[in-house]
Amino acid sequence: MMELAVAILLLILLFLASWRVLSESRLLVDMTLVSDASNNGGFCLDGSLPAYHLHRGFGAGESNWLLQFEGGGWCNDIQSCLDRAKTKRGSSLYMNKLEDFNGILSNDASLNPDFYNWNRVKLRYCDGGSFSGDAKFDNGTSVLYFRGQKIWEAIILDLLPKGLGKADKALLSGCSAGGLSSFLQCENFHRTLPTNTTVKCLSDAGFFLDERDIALNYTMRTFFENLVSLQGIEKNLDKNCTSFLDNPKLCMFPQYFLNYMTTPFFILNTAYDFHHALVPPSADMNGDWKGCKLSIASCTPQQLDILQGFRGDMLAALRSFLMDSTNGGMFINSCFGHCQSETQETWFSLGSPIIQDKTIAGAVGDWYFSRNISKLIDCAYPCDASCHNIIAQVS
């Protein structure tokens, strides 16, 4: 009994020591308000100024830039946007003034070997439209600014004289709704920078599928159609895509405009990131999928069959990119999670996910610096033992 008590005490002490080291090594970065954003009307939903967090590069990376879009879902109707405007997702007034930089934003070479010494910027998300809208709602009582496109432009204008305008290398990234932003703004980002700058883009968990849900409804499609209409997004979507499709609003989905993109792009996604498209709350009123959405180990055989079908549809949507893109990269694993570049344990650590002995950070670095071909697709669940530490998250 005494030995057990001692063992438990040692474990507690080890945990506390590890927690203390982790806390002391955290990189907290101050927030910068974009004061000139008012010149072009680049406001958050509530009319407050947009913001970002910048940690300066050093050494060999001082002329290189990594910009990361923050994620956090969307609002596609007036009431949800009014509610959102009272939170950090719709107003800089409610944002944390210090932001924790880890994963792809870490300044530690042992945790982020390829980008640790770059200028790293986190773009705060406060428009609810993946940095792509340009509209305004005013009914005489309430005002909402759908100015994601203007926010993006204002932040870029603010960063250009701070060194971005003379960047040697640049990477635009983002997670979830921010990963979608990376798709949507990649070509604009490339056009903004000097022609001699090496520009590439990365989307983490941003490849949202135009897929029927478990009730056979196109819930995600309808959601995006309403989002595009409300926030005035259509005019900012890929022109090749909108002129080709009968329904131009579908060009909010990366699968429809990916082949028109010319800037080198890396797609990081789990094959089972299904919550938004496949099992929205409206399609699971009885909560039959509640356990499965929390842990793939809790899925029934029938649910697993549906998930394998979803994986197949995702790979089909990516087939052209896989086969034809000469400058693209992919890391499609069979883990059960959401956003893998922002968290240290999934980006680069002893227990992080791997495909063919390659970590996510290693695959992205190989692709960016052209060290090796990085188009990796995992075998189907449950074959990947490196997924043990991934827990599903819904953003």
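Student: How do you know that the span of helix H3, residues 148-159, agrees with its 12 residues?

Tutor: This is a predicted model, and the check is simple. At 1.5 Å a residue, the 12 residues of H3 should span 16 Å. The end C-alpha atoms are 17 Å apart, which agrees.

Student: Why is H3 called largely enclosed?

Tutor: Buried means under 20% relative accessible area. In H3, 9 of the 12 residues are buried, so the rest of the structure largely encloses this helix.

Student: Which residues of H3 are buried?

Tutor: They are Gly 148, Gln 149, Ile 151, Trp 152, Ala 154, Ile 155, Ile 156, Asp 158 and Leu 159.

Student: What covers the buried residues of H3?

Tutor: The cover includes strands E2 (51-55), E3 (64-69), E5 (119-123), E7 (143-146) and E8 (169-174). Helix H4 (177-192) is also part of that cover.

Student: What makes H11 mostly covered?

Tutor: The count does: 9 of its 9 residues are buried. Among them are Ile 360, Val 364, Trp 367 and Tyr 368. Just after H11, Ser 370 takes a positive phi of about 55°.

Student: Why is Gly 365 called buried?

Tutor: The cut-off for buried is under 20%. Gly 365 has 0% relative accessibility, so it counts as buried. Its place is in helix H11, residues 360-368.

Student: What does Gly 365 contact, leaving aside neighbours within four places in sequence?

Tutor: Gly 365 is in contact with Asp 114 and Arg 371. Pro 113 is 252 residues from Gly 365 along the chain. The C-alpha atoms of these two are separated by 8.4 Å.

Student: Why does Lys 358 count as partly exposed?

Tutor: Partly exposed lies between the buried limit, under 20%, and the exposed limit, over 50%. Lys 358 has 27% relative accessibility, so it counts as partly exposed. This residue lies in strand E13, residues 358-359.

Student: Which residues does Lys 358 touch, not counting those up to four places away in sequence?

Tutor: Lys 358 touches Phe 331, Pro 353, Ala 363, Asp 366 and Leu 376. Of these, Ala 363 and Asp 366 are also listed among the buried residues of H11. Lys 358 and Met 330 are 28 residues apart in sequence and 12 Å apart in space, C-alpha to C-alpha.

Student: Is Lys 235 buried, exposed or partly exposed?

Tutor: Lys 235 has 45% relative accessibility, so it counts as partly exposed. Its place is in the loop between helix H5 (219-231) and helix H6 (239-244). Lys 235 and Ile 377 are 142 residues apart along the chain, and their C-alpha atoms are separated by 34 Å.

Student: What makes the phi of Phe 131 worth a look?

Tutor: Most residues other than glycine have a negative phi. Phe 131 is not a glycine, yet its phi is positive, about 55°. It sits in the loop between E5 and strand E6 (135-138). Its relative accessible area is 0%, so Phe 131 is buried.

Student: What is the phi of Cys 339, and where does the residue lie?

Tutor: Phi of Cys 339 is near 70°, a positive value in a residue other than glycine. The residue lies in the loop between strand E11 (329-333) and helix H10 (344-347).

Student: Why is Cys 339 called buried?

Tutor: Set the value against the cut-off of under 20%. Cys 339 has a relative accessible area of 14%, so it is buried.

Student: What kind of peptide bond joins Tyr 381 and Pro 382?

Tutor: A cis bond joins them, with omega about 15°. Most peptide bonds are trans. Pro 382 is found in the segment after strand E14 (375-377).

Student: How do you know that the radius of gyration agrees with a compact globule?

Tutor: With 395 residues, a compact globule would have a radius near 21 Å; the protein chain has 21 Å, which agrees. Along its principal axes the C-alpha trace spans about 70 × 50 × 45 Å.

Student: How many helices and strands does the protein chain have, and what share of its residues is buried?

Tutor: There are 11 helices and 14 strands. Of the 395 residues, 53% count as buried.

Student: What share of contacts between residues at least 6 apart joins residues at least 24 apart in sequence?

Tutor: In the protein chain, that share is 74%.

Terms used
Residues numbered from 1 in each chain as written. Predicted model: local features only at pLDDT ≥ 70, side-chain atom pairs only at ≥ 80, totals over all residues. Heavy atoms only, no water. Helix = DSSP H or I, 4+ residues; strand = E, 2+ residues; numbered from the N terminus. Rg over C-alpha atoms; globule rule 2.2 N^0.38 Å. Buried < 20%, exposed > 50% of the residue type's maximum accessible area, 1.4 Å probe, protein only. Contact = heavy atoms within 4.5 Å. Expected span 1.5 Å × (residues − 1).
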